[in-house]
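Hi,

Here is the model we talked about passing on.

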Amino acid sequence: MTTIELLAPQSFSVVVFRKVVRDAAGSIDETASEAASIAALERMNASGRLFVSHTKLRGRYGIRVAIGNGATEWEHVARVLEYL
């Protein structure tokens, strides 16, 4: 099962999250979660429709999305979700 986890409280316009992959026992598979997050980031940036960056927070790979532009609408945020 794959879910999304916020890695830090949302502050200003930056949201940091990652894809979380769980094994059959329900434990987080950190290696698979990092690989899934990297793959999602690469799909987002390769699309040409948006650009996101990454960070490591407490040893976990995170996708950084800045949505602070005054012209940002829900459709722009929804683009990120399309690649997860």
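Below is what turned up on salt bridges and on one serine.

First, the housekeeping: this is a predicted model, in which local features need pLDDT of at least 70 and side-chain atom pairs count only at pLDDT 80 or more, while totals for chains, interfaces and linings use all residues. Residues are numbered from 1 along each chain as its sequence is written, and side-chain values use heavy atoms, with hydrogens and water left out.

The structure has three salt bridges (a side-chain nitrogen of Lys or Arg within 4 Å of a carboxyl oxygen of Asp or Glu). Helices (H or I, at least four residues) and strands (E, at least two) are DSSP runs, numbered from the N terminus.

- R18 pairs with E30 at 2.6 Å, N to O. This joins strand β2 (residues 14-21) to helix α1, 12 residues apart. R18 counts as buried because its relative accessibility is 3%, and E30, at 39%, is partly exposed (buried is under 20% relative accessible area, exposed over 50%, partly exposed in between; 1.4 Å probe, protein chains only).
- E34 and K56 have their closest N and O atoms 3.2 Å apart. E34 sits in helix α1 and K56 in strand β3 (residues 53-57), so the bridge ties together parts 22 residues apart in sequence.
- E82 meets R49 at 2.8 Å, N to O. Here helix α2 (residues 74-82) is linked to the loop between α1 and β3, 33 residues apart.

As for the serine, S37 is in helix α1 (residues 30-47) and is buried, at 0% relative accessibility. Leaving aside residues up to four places away in sequence, S37 touches R18, K19, Y61 and I63 (contact means heavy atoms within 4.5 Å).

Cheers
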